[in-house]
Every structure is written in C-alpha cells, then in structure tokens.
Amino acid sequence: MKKQNAALVIMKRELSAYFSSPIAYIVTGLFLVFSGFLFFNTFFLANRAELRNFFSILPITLSFFIPALTMRMLAEEKRSGSIETLLTLPVTAFDVTLGKFLAAFISGAAMLVPTLFYVITCCIFGSPDAGPIIGGYLGALFLIASFSAIGLFATSLTKNQIIAFFIAFTICILLSILSGFLVFLPSWLVNFCSYFSAYSHFTSIAQGIIDTRDLIYFISLTAIFFALTVEILKGDSRR
C-alpha cells in the first residue's frame with residue numbers, strides 16, 4: 001500500500017464494505033422515509049412547494065443517521081483486533097482517519113442524492129428560490145462533514161458500536177438543539193453559546209447567506225474531532 005495512496009485505499013475499502021451490505025440501504029431508506037414525510041406533508045397538506053420543513057429538521061435528522069453510518073468504522077476494527085494489524089502496515093493514524101472520514105462523508109452525502117427529487121418536484125409545481133436550496137444542500141454537506149468527524153471520534157473510543165453511536169448522537173444532537181435553549185440563558189451568555197449551535201450556523205447558510213463565521217465554525221468543528229481521532233489512534237498504535 002503506497003503511503004500517498006493509503007487514505008484512498010482505506011476509503012475505497014470502507015465504501016465497498018458499506019455499499020455491499022444491507023446497512024447502507026436500510027439507513028438511506030429510513031432517512032428518505034423520514035425526510036420524505038416532512039417534505040410531502042408540506043407539499044400535500046399545506047399545499048406549498050418548498051423545502052423549508054425538510055431543511056429545518058435536517059440537523060436533528062443527521063444527528064441520528066450520521067452516527068449510525070460511522071458507529072462501526074473503528075469500533076468493529078477494535079473489536080475484531082484488525083485495527084492493530086492495520087496500524088502495523090506502512091500507514092499513519094492520519095491516513096486511517098482520513099480514509100475513514102472520506103468514506104463516512106461520501107456515504108452521508110449519498111443519502112442526500114435521492115432528495116434531489118424533492119427539488120425537482122418543487123420546480124415542477126412551484127417557483128422556489130434557488131439560493132436557499134443551494135445554501136441548504138451546501139449547509140447539509142458541512143453538517144455531514146462535521147458529524148462524520150464526531151462519529152469517527154466516538155467510534156475510536158470504544159469497541160462497542162452501540163456505545164459509539166450514543167456518544168456521537170449525544171454530541172451531535174446537543175449541537176443541533178442548543179439554540180433552542182438560548183432563551184433560558186442570561187443575555188450575556190447568549191452570543192457566546194449561540195456560536196456553538198450547529199443549527200444556527202446551518203440555518204444561516206441554508207438562507208443563502210455565506211458568512212465566513214459559519215464556514216470557520218464547521219471547518220473548525222470537523223478539524224478538532226478529526227485531530228482528536230488521529231491522536232487516539234496514535235495512542236492505540238503505541239500500545
């Protein structure tokens with residue numbers, strides 16, 4: 001395995017294992033059922049051709065489904081003992097983390113592809129503003145990247161997939177619902193805490209507003225949990 005290609009090889013291995021198993025189609029199917037209900041509920045009952053409800057609940061939805069995608073990536077390797085074998089190959093902890101992160105990100109992004117049908121439906125039966133739709137999908141990709149990094153961090157902590165899922169889910173859901181608790185905080189804390197709300201930053205991008213503060217937030221969140229995972233794997237390789 002050439003060092004410069006190690007991350008890509010790991011990514012391809014993960015994607016092959018994921019899409020050749022029923023887990024990919026079960027998780028994607030459940031995601032589409034849930035998101036489809038939100039969209040078509042608005043479309044048929046409220047008679048509005050828009051994606052507002054779909055995007056408004058997306059951070060919470062992804063808080064569940066992205067940890068479900070990532071929970072086995074390192075936990076299963078640790079349980080089976082294959083992580084020790086992998087780390088003895090000419091690859092670094094960074095290579096392993098990057099390969100698995102890219103696989104998680106691509107798998108998460110793939111779940112969004114069928115939802116483009118909702119966009120087509122809106123364009124056929126209405127005249128939606130392209131800005132919020134493009135912003136919504138861009139924000140969703142940033143969410144998937146951040147939550148994938150969080151999921152990888154969680155699965156690097158344990159051999160148990162269920163524990164890995166709940167650790168990642170807890171972190172993701174707290175970041176997603178934090179903005180709902182801001183009304184209960186003292187005014188001097190609101191601005192500080194609102195910066196840590198993934199929902200607030202996602203909503204800003206989903207409105208078609210590209211603010212560098214939102215981009216820095218998601219890039220920083222992804223980088224922090226990515227770096228933590230690398231450090232944990234380095235510790236595993238030394239043991």
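Which hand does the crossing have where helix 1 passes helix 7? Helix 1 passes helix 7 in a right-handed crossing. This report builds up to that pair and then moves along the chain.

## The overall fold

This is a predicted model. The protein chain contains 13 helices and zero strands. Read from the N terminus, its elements run α-α-α-α-α-α-α-α-α-α-α-α-α.

How much of the protein chain is buried? Of its 239 residues, 46% are buried. A residue counts as buried when its relative accessible area is under 20%. That cut-off returns in several sections below.

## Helix 1

Helix 1 covers residues 6-19. It has 14 residues, and at 1.5 Å a residue these should span 20 Å.

Which residues of helix 1 are buried? They are Ala6, Ala7, Ile10, Met11, Glu14, Leu15 and Tyr18. These residues cover an arc of only 160° around the axis, which puts them on the same side of helix 1.

## Helix 7

Helix 7 runs over residues 93-112. Its 20 residues should span 28 Å at 1.5 Å a residue. The end C-alpha atoms of helix 7 are 29 Å apart, which agrees.

Why is helix 7 described as largely enclosed by the rest of the structure? Because 14 of its 20 residues are buried. Ala93 is found in helix 7. Ala93 has 8% relative accessibility, so it counts as buried.

## Helix 1 meets helix 7

Two packed helices are described by the angle between their axes and the distance between the axes. For helix 1 and helix 7, the axes come within 7 Å. They cross at roughly 40°. Angles under 35 degrees would count as roughly parallel. Helix 1 and helix 7 are therefore oblique to each other.

One pair of residues links this picture to the sequence. Ala93 and Ala7 lie 86 residues apart along the chain. Their C-alpha atoms are separated by 9.9 Å. Ala7 is among the buried residues of helix 1, and Ala93 is buried as well.

## Helix 9 and its packing on helix 7

Helix 9 covers residues 130-155. It has 26 residues and reaches 37 Å from its first C-alpha to its last. That is close to the 38 Å expected at 1.5 Å a residue.

At what angle do helix 7 and helix 9 pack? The angle is about 140°, and their axes are 9 Å apart. Only angles over 145 degrees count as roughly antiparallel. Helix 7 and helix 9 are therefore oblique to each other. Their crossing is right-handed.

Helix 10 covers residues 161-177. Ser176 is found in helix 10. Its relative accessible area is 3%, so Ser176 is buried. Phe169 also has its place in helix 10. At 24% relative accessibility, Phe169 counts as partly exposed.

Each of these residues has a partner elsewhere in the chain. Ser176 and Leu62 are 114 residues apart along the chain, yet their C-alpha atoms are separated by 9.3 Å. Phe169 and Ala154 are 15 residues apart in sequence. From C-alpha to C-alpha, Phe169 and Ala154 are 9.1 Å apart in space.

Helix 13 covers residues 212-238, and Ser220 has its place there. Is Ser220 buried or partly exposed? With a relative accessible area of 31%, Ser220 is partly exposed. Ser220 and Ser146 are 74 residues apart in sequence. In space, their C-alpha atoms are 8.7 Å apart.

## The cysteines

A disulfide is a covalent bond between the sulfur atoms of two cysteines. To count here, the sulfur atoms must be within 2.5 Å. How many disulfides are there by this rule? The count comes to zero.

Cys123 and Cys172 can still be compared by their accessibility. Cys123 has 47% relative accessibility, so it counts as partly exposed. Cys172 has 0% relative accessibility, so it counts as buried.

Key
Residues numbered from 1 in each chain as written. Predicted model: local features only at pLDDT ≥ 70, side-chain atom pairs only at ≥ 80, totals over all residues. Heavy atoms only, no water. Buried < 20%, exposed > 50% of the residue type's maximum accessible area, 1.4 Å probe, protein only. Helix = DSSP H or I, 4+ residues; strand = E, 2+ residues; numbered from the N terminus. Expected span 1.5 Å × (residues − 1). Arc of directions from axis to C-beta. Axes fitted to C-alpha atoms, helices over the stretch in contact; angles between N-to-C directions. Parallel < 35°, antiparallel > 145°, perpendicular 65-115°, else oblique. Left-handed = near helix turned anticlockwise from the far one by under 90°.
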